[in-house]
Amino acid sequence: MSLPAVLNARWIGWLGFAAALLAPFVIATPYAMSIMTSAAVFVMLATGLNIVVGYCGLLDLGYAAFFAVGAYTAGIMSTRLDLPLLATVPAVVLVTAGAGVLIGLPTLRLRSDYLAIVTLGFGEIIRVTAGNLDFTGGPSGIYGIPGLAVGGLDLSDPVVFYYAVVVVVSVAVVGAARLSSSRLGRAWRFIREDEDAAEACGIDTYRTKLAAYVAGAVWGGLAGVLFAAQLSAISPASFTFLQSVLVLVAVVLGGQGVSRGVVVGAVFIALGPELLRDVADYQYAAFGVLLIVIMILRPRGLWPGRAGLGRRDA
Amino acid sequence: MLQVLWNGIFVGSFYALVALGYGMVYGVIRLLNFAHGDLYMVGAFVGFISLSALGVRTGGVGIPLLILTLVATMLVTGLLGVALERLAYRPLRGSSRLSLLITAVGASFALEYGVRIVAGADPQVYPVRFDLAALEVLGVRLSGQQLALIGFALALMVALHLLVSRTRRGRAMRAIALDPRASALMGIDVNAVVSQTFFIGSALAGAAGFMAGAYYGKIDFLMGFVIGLKAFTAAVIGGIGNIYGTMAGGILLGLVESVGTSVLGGQWRDVLTFGVLILFLSIRPTGLWGAPVAERA
């Protein structure tokens, strides 16, 4: 089989899943587990942003805001109301979807580059607001967030929690991929390729874009819940523009709209700094250059996916 | 209250200076240059490094030396802007808007963290504090440095105005903003004019960065991020691509900020600014003095 054929084979997703499941058998120190769990959460973030940027072609530069909204909603509800983390999930979905509508409603009619800058501003607003308000804990944030538990079953052991996260993230990745091959997903890609033509063909572009935006927001919010469960403490410092750009680099690197590529891109961005400690000072500057080089040489990302409309990008 | 207004005008003139370059580049090639704020930051660092290299220590600095440094800074940031356009943006002219925006984010990131590699992550302290006599007008304290800096900013704005409205080059810029293809057919060297636009816009940003460094005294590699967003906000308020609107937008934003923070408290300043940005884009995306722009211009 040629390389592209291998990379596009159906079983490649299962292979990735198996690799994620087997990883703790290779190395299971607490530090390694925490890095791998973070990487899995990062994969979820990249998958969510991929819905917005990759499928629908809308640039969101404040994606960390939805991550923050999800983490804070879960954190505040679980600590103030003494709820188990799982019970906050419906509220998280509602609040992040609401945030997506709130910011998307007035701005999705705008030119696409205005949307980019509005989301940038929105990301800053959320972060600064979280640092200023009392009920969000100010600059020190929220701590003492309970770990994940299902029924009476405690999942807070690092290895168990890792598996729980891998399962949730896998469902999220597959869910996003299924969404992309649905009727809605085809409409998203149509809008990405040519918004005017899509509109002329009867697609309600405004509502379709809003749907992508809200879906991305919910994915980001749920990643926030996992993040809060993992660290048990959150603060505004975790939700900076840097975070938003790193997620974007993962999406662009892997190939916008190709979920398997995005997963690989996210794992690379999340684990890269750990593997390349010596060049840590240079990595962010290198990521910036990487974005430019990819856009010029391989705008579809490094993964040799099948291009074109009407085919599955999953 | 008058003091608050004066401070607003002062800060606003910085915003206007950065916004002008932002708006110029956007007007000519329809590119949101996210790296623009970072050129402001680079300007602050170039000024810092050259003053340090000249052996300037805290204390009195001659005005000629400062002007010399300012010119050198503008030259360096201007050339950096040209290089950025040549290497990153020009190969992508004609490709999708999304690709261009992502490239611009990459450029911004590369500049920020590139400077961090060179100059370190810790804030640097500017070696100059030039103390000039202050004026009292109607109970408002106008410090000498504020007056000098506003003077500089105004001079640069007037120069830009003359360039764009009175010269052949300015006419070429306006022509390209209207229709690049027709301009090329009329014999305008589009690439050369775009390079010049980048040079001027980046030089203005560098000048503002140097002046801000000299005034506030402290610089760091992320200082361009927020100012870039604010400059864009100013450009949007004034109507993007409209030079006079942009100047007015900058001053207006400075006023809104300083009045707003004196009411709400300083920690809400950025929230207020970006709130204004979102409000404007939702209600009046063409700004106060802008012409409507279609998605496919």
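**Entry 1: a helix pair across the chains**

I began with H6(A) and helix H11 (residues 269-283) of chain B, whose axes are 9 Å apart and at an angle of about 150°. The model is predicted: local features need pLDDT of at least 70, side-chain atom pairs count only at pLDDT 80 or more, and totals for chains, interfaces and linings use all residues. Residues are numbered from 1 along each chain as its sequence is written, and chains are lettered from A and ligands numbered from 1 in the order in which they are written.

I noted how helices are assigned: helices (H or I, at least four residues) and strands (E, at least two) are DSSP runs, numbered from the N terminus. Axes are lines fitted to C-alpha atoms, for helices over the stretch in contact, and angles run from 0 to 180 degrees between N-to-C directions. H6(A) and H11(B) are therefore roughly antiparallel (under 35 degrees is roughly parallel, over 145 roughly antiparallel, 65 to 115 roughly perpendicular, the rest oblique). Their crossing is left-handed (the near helix is turned anticlockwise from the far one by less than a right angle; clockwise is right-handed).

I then listed who touches whom, with contact meaning C-beta atoms, placed from the backbone, within 7 Å. H6(A) brings residues including Tyr114(A), Phe122(A), Glu124(A) and Ile125(A), and H11(B) residues including Asp270(B), Phe274(B) and Leu281(B). By class I get 10 nonpolar, three polar and two charged residues. Here Ala, Val, Leu, Ile, Met, Phe, Trp, Tyr, Cys and Pro count as nonpolar, Asp, Glu, Lys and Arg as charged, and the others, Gly among them, as polar.

**Entry 2: the whole contact**

I looked up the chain-to-chain contact next. Chain A gives 37 residues and chain B 34 residues. On the chain A side, H5 (89-107), H6 (112-132), H11 (241-254) and H13 (280-297) each supply at least two residues. H6(A) gives the most, 14 residues. That side of chain A divides into 26 nonpolar, seven polar and four charged residues.

I checked H6(A) by itself. Its 21 residues should span 30 Å at 1.5 Å a residue, and its end C-alpha atoms are 30 Å apart, which agrees (expected span is 1.5 Å times one less than the number of residues). H6(A) is mostly covered, with 16 of its 21 residues buried (20 or more other C-beta atoms within 10 Å of its own, all placed from the backbone; exposed is 12 or fewer, partly exposed in between).

**Entry 3: inside chain B**

I counted 11 helices and four strands in chain B. Buried residues make up 50% of its 297 residues.

H2 (residues 36-53) and H3 (residues 63-89) of chain B have axes within 9 Å that cross at roughly 135°. That makes H2(B) oblique to H3(B). The crossing is right-handed. Among the residues that meet are Leu39(B) and Val46(B) in H2(B), and Ala72(B) and Leu80(B) in H3(B). This contact has seven nonpolar, seven polar and no charged residues. I find 14 of the 18 residues of H2(B) buried, so H2(B) is largely enclosed by the rest of the structure.

**Entry 4: one residue in chain A**

Ala270(A) lies in helix H12 (residues 259-275) of chain A. Is Ala270(A) buried or exposed? It has 21 C-beta neighbours inside 10 Å, so Ala270(A) counts as buried. Leaving aside neighbours within four places in sequence, Ala270(A) contacts Ser38(A), Ala39(A) and Phe42(A). I also noted Val43(A), 227 residues from Ala270(A) in sequence but 8.4 Å away, C-alpha to C-alpha.

Terms used:
Two residues are in contact if their C-beta atoms, placed from the backbone, lie within 7 Å.
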